[in-house]
Amino acid sequence: MAPAPIYLPLPEYFSYAQCYDFLAFRRADCMYVLEEDTRSILKVLFVEGQDIIFRISASGSDALRMDIISPDAIAETQAKAINTYVSDWFDLSRNLCPFYDLLENSPHFSYMVDAFYGLRLVGIPDLYEGLCWCIIGQQINLAFAYRLKQRFVALYGRSIIFGEHVLWIHPQPERVAEIDPEELRPAQFSGRKAEYIKTISEAFASGSLSVDKLLALDTLPMRQKLLMSFRGIGLWTANYALMKSLKVPNTIPYGDAGLNQSLKRHELSLEEAYAGFAGWESYLTLYLWKSKE
């Protein structure tokens, strides 16, 4: 008998359709599978020594439903871990009412309330995965970045076959810390990009970089400084990772090409766009990115 479904109550200003479409636009990401016929999401997590495959779907308008596909039984602590992961993935604990009040009163962005209603900051809950993705994507186009990520995950991660789908588990830093960066060259990683990946992996494996170390720091500049002390992490990478993995609310990925395109479309400077959105810079960035899709 399959485990009972896990239900996750939804907050105000959440749209499963918007979040699903956000993932669908990035369907080349190998870390999840979208089932288009049911608009559900397949994911595998390694929790307490077990690979747990589950499916996320909407349960009406007031809950997300997680159906455990494998194994046949899971512990309460494993169910809680999945619940926490999904809640973090879709940023469900955040009260967006203040942000929507700002949008409604904005002369530039009031249209976003209806256009993007319920879109959440769909993140990358694993900080190591988030930083690897940032480094992989530096100075290349998005399509090629996803291909490099797939090769990296295939080389050092694990896969599980489920029906016609391949579900991937991201590499662990301890594994990547041991590699020779030259191993990544046949996968079309530049020498510098390969070295940066190894450096970050060593930092996580040794404990010199971790979520706990970042959260122990009180201010955004302190967190940026710690991240930027590692080769391969500049201000854009630090801000993107803080936004997507730690859900820090007041980061702006300065110099981001997509953000610059959106600002140009709105005929606004960065300063003009973010004026009045203090504390909500990350969400405004998300909505500006969405506006150019």
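The lining of the largest pocket comprises 20 nonpolar, 10 polar and nine charged residues. Here Ala, Val, Leu, Ile, Met, Phe, Trp, Tyr, Cys and Pro count as nonpolar, Asp, Glu, Lys and Arg as charged, and the others, Gly among them, as polar. The structure is a predicted model, in which local features need pLDDT of at least 70 and side-chain atom pairs count only at pLDDT 80 or more, while totals for chains, interfaces and linings use all residues. Residues are numbered from 1 along each chain as its sequence is written, and side-chain values use heavy atoms, with hydrogens and water left out.

**Largest pocket**

- The largest pocket holds about 860 Å³ of space. A pocket is an open set of points on a 1 Å grid over the protein atoms alone, reached by a 1.4 Å probe, with protein on both sides within 12 Å along at least five of seven lines; lining residues have an atom within 4 Å of a point.
- Its lining consists of 39 residues, of which Trp133, Leu142, Trp236, Tyr240 and Asp256 are the closest to the centre.
- Two or more lining residues come from each of helix 1 (16-25), helix 2 (76-89), helix 5 (127-136), helix 6 (142-156), helix 11 (235-244) and helix 12 (257-266). Helices (H or I, at least four residues) and strands (E, at least two) are DSSP runs, numbered from the N terminus.

**Second largest pocket**

- About 620 Å³ of space lies in the second largest pocket. Among its 27 lining residues, Leu45, Phe46, Tyr85, Asp126 and Gln172 are the closest to the centre.
- The elements giving two or more residues to this lining are strand 3 (40-47), helix 2, helix 5, strand 7 (165-169) and helix 7 (173-177). Strand 3 contributes the most, with five residues.
- By class, this lining divides into 17 nonpolar, four polar and six charged residues.

- Five strands form an open sheet in the order 1-5-4-3-2, with antiparallel pairing. Two strands pair if DSSP finds at least two bridges between them.
- Strand 1 (6-9) and strand 2 (33-35) are the edge strands, each pairing on one side only.
- Strand 2 and strand 3 are joined in the antiparallel sense over three bridges, and valine 33 stands opposite leucine 42 in strand 3.
- Helix 1 packs on the sheet and touches strand 2, strand 3, strand 4 (50-59) and strand 5 (63-70). The direction of helix 1 makes about 75° with that of strand 3; axes are lines fitted to C-alpha atoms, for helices over the stretch in contact, and angles run from 0 to 180 degrees between N-to-C directions.
- Seven of the 10 residues of helix 1 are buried, namely Tyr16, Gln18, Cys19, Tyr20, Phe22, Leu23 and Ala24. Buried means under 20% relative accessible area, exposed over 50% and partly exposed in between (1.4 Å probe, protein chains only).

**Two individual residues**

- Histidine 165 is found in strand 7 and counts as buried because its relative accessibility is 18%. Beyond its neighbours within four places in sequence, histidine 165 is in contact (heavy atoms within 4.5 Å) with Val33, Glu35, Leu42 and Ile160.
- Serine 59 lies in strand 4 and, at 23% relative accessibility, counts as partly exposed. Neighbours within four places in sequence aside, serine 59 is in contact with Tyr7 and Arg65.
- Serine 59 and leucine 10 are 49 residues apart in sequence and 9.9 Å apart in space, C-alpha to C-alpha.

Definitions and conventions
Points joined across faces, edges and corners; volume = space filled by probe spheres on them.
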